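Let's take a walk through this structure together, one piece at a time. Have the sequence and the 3D view open as you read.

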Amino acid sequence: MSIAADPTAGQAVKAADRAHVFHSWSAQGLIDPLAVAGAEGSYFWDYDGRKYLDFSSQLVNTNIGHQHPKVVAAIQQQAATLCTFAPAFAIDVRSEAARLVAELTPGDLDKIFFTNGGAEANENAIRMARLHTGRQKVLSTYRSYHGATANAIALTGDPRRWPNETGTSGVVHFWGPYAYRSNFHADSEAQECERALAHLEQVIAFEGPQTVAAVILETVVGTAGILVPPAGYLAGVREICDRHGIVFILDEVMAGFGRTGEWFAADHWDVTPDLLTFAKGVNSGYVPLGGVAISERIAATFAERPYPGGLTYSGHPLACASAVATINAMREEQIVEHAREIGERVLGPGLRELAERHPVIGEVRGMGVFWALELVRDRDTREPLVPYNAAGPANQPMAELAAACKQRGLWPFVNMNRLHVVPPCTVSEAEAKEGLAILDEVLTIADAHTG
């Protein structure tokens, strides 16, 4: 890759951004966005010529890496053929994208409703579940993130929900399994699973099973901690939902399309939901795209009854072309298999080695290219390195860690007291080891906060 410095151009980009761009999740006067000049593979760079290894995959979505030539070419070719067309028409590339996604999803999830992203996918999944069952309540875990639109943010369990929810959404939160910080006083993964399922059963009983339309789970919880479910948990939720006539929704927006070393994380546990939502890795965000994969039973509800939902850009040709190219490239280049191998052979062992050297690491968890380091002040008490939802001075240790990563050319994904390790599925062994070496350096800084 060729990187040429052009600080003047960077200053102009930054000035225009600060004058006119309103950024998400930010106090506008307190941020200093990096002006990005380009990207390729696992790296991006600024106008000063500084290169960064992207251990965040941006928002854990560039699964196929930056500027994959096959995907770029497909977008260009589609733009020259047919840039856009309304959702009501049958378009070749839209049909092919739906066919390819349906081919990959588990079980009978063979109908695809396209959206512009993951939040809208979850919005529509909830709508489908409510209309299918005639019920209103939806159950979601506290440790979750499902998007920032009205219902999706109500489903979300993290603090971004607090200033956004109305309290009249019909969403009920419950505790999912998290053995490291068990809410059920479990002393093993098996016990955590058993008690988490019993808790869900109790919540459903007290809410009234006949009022519950759906249970929605991130197959592997993403932003809220890369929480891998214990063996038997997803199957247990499936059984509970079946017994009560509740729709089971799996949110694979972040975990899907190779991130965990399988096409979908559900494949690890051989579980098929009634609805599966996706976005991000379906085309690495090259053009906005998401969707809902729908089971035969729920699709049949709308065979002769109109589905009351739609989007102007549902199944946008440019987005679908990028999805077709992404899926085909991932197959041809065995990118999913590579993600699994790099996790098993490099990232997993490398992160566990870091834990042996750094007392600040309380737990290492993950799979594929989807990992988290839980950072603590004390391994015995498991006190988090920073408090829940810390900001300002209380968050200083994590802010120092993130800054130290960036100074060394590594772009991290940091959330609360966790450092997530989520490079592209295409990350090479050398790149993975480069990132691990930088983490080894910066975790020494964080070690100073341990007792």
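**A buried aspartate and the sheet around it**

Start with aspartate 274, which is buried at a relative accessible area of 5% (buried means under 20% relative accessible area, exposed over 50%, and partly exposed in between, using a 1.4 Å probe and protein chains only). Before going further, a word on what you're looking at: this is a predicted model, where local features need pLDDT of at least 70 and side-chain atom pairs count only at pLDDT 80 or more, while totals for chains, interfaces and linings use all residues. Residues are numbered from 1 along each chain as its sequence is written, and side-chain values use heavy atoms, with hydrogens and water left out.

Back to aspartate 274, which sits in the loop between S8 and S9. Those labels come from DSSP runs, numbered from the N terminus: helices are H or I runs of at least four residues, and strands are E runs of at least two. The side chain of aspartate 274 makes a polar contact of 2.8 Å with the side chain of arginine 238. A polar contact here is a pair of N or O atoms within 3.5 Å; within protein, one must be able to donate a hydrogen and the other to accept it, and residues adjacent in sequence count only if both atoms are side-chain atoms. A polar atom of the aspartate 274 side chain also lies 2.8 Å from the backbone nitrogen of phenylalanine 248. Not counting residues up to four places away in sequence, aspartate 274 touches a list of residues including Leu109, Ile246, Ala293 and Arg297, where contact means heavy atoms within 4.5 Å.

S7 pairs with strand S5 (residues 137-141) in the parallel sense over 4 bridges, and serine 140 stands opposite isoleucine 216 in S7. S7 also pairs in the parallel sense with strand S8 (residues 247-251), over 5 bridges, and there the bridge partner of isoleucine 216 is isoleucine 249. To get from S7 to S8, the chain passes through helix H8 (residues 233-244), and this β-α-β crossover is right-handed: with the strands pointing away from the viewer, the path from the first strand over the helix to the second runs clockwise.

S9 and strand S10 (residues 290-294) run antiparallel, joined by 4 bridges, and threonine 277 stands opposite valine 292 in S10.

Next, look at helix H5 (residues 118-133). H5 has 16 residues and reaches 23 Å from its first C-alpha to its last, close to the 22 Å expected at 1.5 Å a residue; the expected span is 1.5 Å times one less than the number of residues. Among the buried residues of H5 are Gly118, Asn122, Ile126 and Arg130. Glycine 134 follows H5, with a positive phi near 75°.

Serine 314, in the loop between helix H9 (296-301) and helix H10 (317-332), counts as buried at 9% relative accessibility. A polar atom of its side chain lies 2.7 Å from the backbone oxygen of phenylalanine 114. Leucine 347, in helix H11 (residues 335-357), is buried with a relative accessible area of 0%.

Methods: Two strands pair if DSSP finds at least two bridges between them.
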